Amino acid sequence: MQILHVWQADPAGFRGNWPGNDACNGRIVQRLQLRPGDAVRIRGERWRVIAESPFEAASIVDVDGGDASNRGVTARFVLPFEPLEHLPGSAAHPCVVSLARWRHVACAGLAAAVPRWTSLRAAAHADLAVIPFQLEPALAVTRGDGCRLLIADDVGLGKTIEAGLIVAETVTRTPDARVLIVSPAGLRDQWREELESRFSLHTEVLDAAGVARTGARLAPDVNPWAVHPIVITSIDYVKRPDVMRSLEALLWDVIVFDEAHTLAGRSDRGAAAAALAGRSRCVVMLSATPHSGDEDAFTRLCAVGDLGASFPLITFRRTRAGVGLPHDRRSCLLRVRPTAAEAVMHRKLREYTELITQQAADSASAPAAALVATMLMRRACSSAASLWRSLQRRLTLLAGDAISERDQLALPFVSAEDDEEPGAELGVAGLGNAAEERRWLEHLLSLSKEASLRESKLLAIRRYLVRANEPALVFTEYRDTLQHLATSLARFEPLQLHGGLTSSERRRALREFTEGASRLLLATDAASEGLNLHHRCRLVVSLELPWTPVRLEQRIGRVDRLGQSRRVHAVQLVVADTAEESVVSRFVQRTERIRVALDGSGIAHDRDVSLRQEAALDATRLQSARALHGSRDVTPYAGQSVLAIAKRRGASRGRVWAVRLPCVDAADHLVFETVIGLHDVRPTGDVRSARDVRAVLALDDALEGLAAESHRQLLTTLSTSLRASLLLMTRREQAIADALRLRHARLSAGLLQPGLFDRRAERAASAQASVVDQALGRSRARLMLLERLAHLREDTRAIAFGIAFR
């Protein structure tokens, strides 16, 4: 006899036990223990248990149909309020089936098998290509390497998929998990589509309309944010004070921040992200461009969710070359010779901006004057027509009451979500003499109007598009420039994407472009995040250099993505012999500073060798699992021993078993289950009936001893594997509980105002304290669960399937 290769199987992926709440006032509640795969009868129908999520005095059981009347149906019942009959298990009633049916059951069992506690389960059923490096972040979470991740891979390497794997794995292991995904508003629908199409995860997008729609179906005291397991929202909605108040008592198993570089500034966005991350057991940040050249901003980003500075950030930054993927990009600066009118306009504008910065150099208005000068130069680089509009607006503003530099500096200046032309910020006076400034502006207005009649950049783009004769994506910074560009390129029938479009208008424009209705798409940065256009396009043209290298990489990344089969061409237009050329040198210097900063921080290095090796092994296993997984329904045999008899062929002889080795925690909840293979080469003898098959395939004492030894080894290995994860999760949960207590104290102190508003403030404070106490209760329950996981034991072994060769 010999033990065959050992597989560890967990068909339900440890559902219902990882984060469950099974505590009531400090004591364990005893109830019927259901295991994934158990057969039950509810309301007169047979069901198979998918997962059980225990709570204080009840549990939620997820099932799928096992009768002809409910085949293919999934349902959820609340126990003990729903009468349930636990049907006989596999050990007592093994089922003898045909050889064909046995093959289907065996293949399904092996497809669901996982060899290690850390191995990924959800990826086996996901609609995606299995690429080893994309598995690494999820494996880092299951291994307990860390609970804060920054995925900073190159644009287009699949960061959404990597985060989706973490979310799907969490939900697979934790049916009652709560996940919050925070993204730019324009990416919410894309996130929903990705999670539903690739991972079969139902999500809810919550904005003002979504909250109102959900709230209309709920009782007045039910929080709409607490209803949906996976919620997608935008950072600009969730940062609102009234929305933040509704989230204060909630906890999440995972929070994902997409385009995380937008959270690095000293802003409401950053403050909201930090507050939310402090309530999450796992924080995942996604950004291909996490460093903008501002070291302080990068430090703030890396500190998001770091409670007590005790949870190091695990960073993944992979390049195409680093993961062995082809990368073919050609990027160039196209120097455009200005027309005579443009050359004069740029020269006079430079004189004017130097004059206003010189006059304000030693005054309090110096920052505001420099800001106005920079804006006007940026607008001139965009187009003469854009400069003309800004000069016109500046004249109008200066004719009224110019705003103070203090008010101006409080205005938002650069935002990836804002592509409007500069407004009230242009109203800061530049020169001390108002009449002189008006003469300058009127002269510049005349020059820019003349230059706009024939713009060199627009002529260059037109020639380039004709010569390229293929789909192209053209970026500009401002929406009004986009409209001007669309008019100039009307012969190409361009489509437009900008921040003023609704979600449906945006989707329609993208659909028309990808389906070939037009071969030219004009876009601003406000509408570009999250676009996947690599199957349609490989040519990106920037009308002007963006503010930062981060923005340029985001533009090119719309087409330079995983799956792009052709060389990508990126062209940036620069007007020769103007201030725009000086911008190029600063741009290059800033790019180099970013590279040095990332390399110096260690962010550019791959994770350790063991993680890469484990990802490669898991990718191979997942491919095998997909090949084994068949389309035949084996639900009627779920959780039951399946036996068969076959004629001896070649080296096949004796008997072979797959034996389940379950391990449970201190409350007898299933934690993990291994399947080992046993092979007895002794002849089977004469087998004629189902009774004979059951007798021949019963385990004797010798085989049972081998299984028991493997079970003991499994328990030791599992306890060792869980040790690091349990330690990390316990520390994180305690830190969350501490943060909740601090938040509770602050809120109570701020809300309690005795005697004010007829005690309404006191009632509000009491209600808030009650909600926070509930959150603390959930955190305490999680800590109790983690304590139970530290005390594992073997549970009853059973045959999963077996076959005898005669």
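**Close-up views of a predicted model**

View 1. His346 is buried, because its relative accessibility is 7% (buried means under 20% relative accessible area, exposed over 50%, partly exposed in between, with a 1.4 Å probe and protein chains only). This is a predicted model, in which local features need pLDDT of at least 70 and side-chain atom pairs count only at pLDDT 80 or more, while totals for chains, interfaces and linings use all residues. Residues are numbered from 1 along each chain as its sequence is written, and side-chain values use heavy atoms, with hydrogens and water left out. Helix α10, which holds His346, spans residues 340-359 (helices are DSSP runs of H or I with at least four residues, strands runs of E with at least two, numbered from the N terminus). Beyond residues up to four places away in sequence, His346 touches Ala380, Val575 and Thr578 (contact means heavy atoms within 4.5 Å).

**View 2. The largest nonpolar core.** This core has 40 residues, and Leu135, Trp191, Val256 and Val284 have the most contacts inside it (a nonpolar core is a set of buried Ala, Val, Leu, Ile, Met, Phe, Trp, Tyr and Cys residues joined through side-chain atoms within 4.5 Å). Helix α3 (residues 159-173) gives the most to this core, with 6 residues.

**View 3. Gly530 in a loop.** Gly530 sits between β20 (520-524) and β21 (539-542), and is buried at a relative accessible area of 8%. The C-alpha atoms of Gly530 and Asp258 are 9.4 Å apart, although the two residues are 272 apart in sequence. Neighbours within four places aside, Gly530 is in contact with Leu187, Gln190, Glu259 and Arg558.

**View 4. Aromatic pairs.** The count comes to 5 aromatic pairs (rings of Phe, Tyr and Trp, the last by its six-membered ring, pair if their centres lie within 6.5 Å; planes under 30 degrees apart count as stacked, over 60 as edge-to-face and the rest as tilted). Trp225 and Tyr237 are stacked, at 6.2 Å centre to centre with 20 degrees between the planes. Trp225 is buried at 6% relative accessible area, and Tyr237 is buried at 12%. The pair of Tyr352 and Trp440 is tilted, because the ring centres are 5.9 Å apart and the planes are at 35 degrees. Tyr352 belongs to helix α10 and Trp440 to helix α14 (residues 434-451), 88 residues apart.
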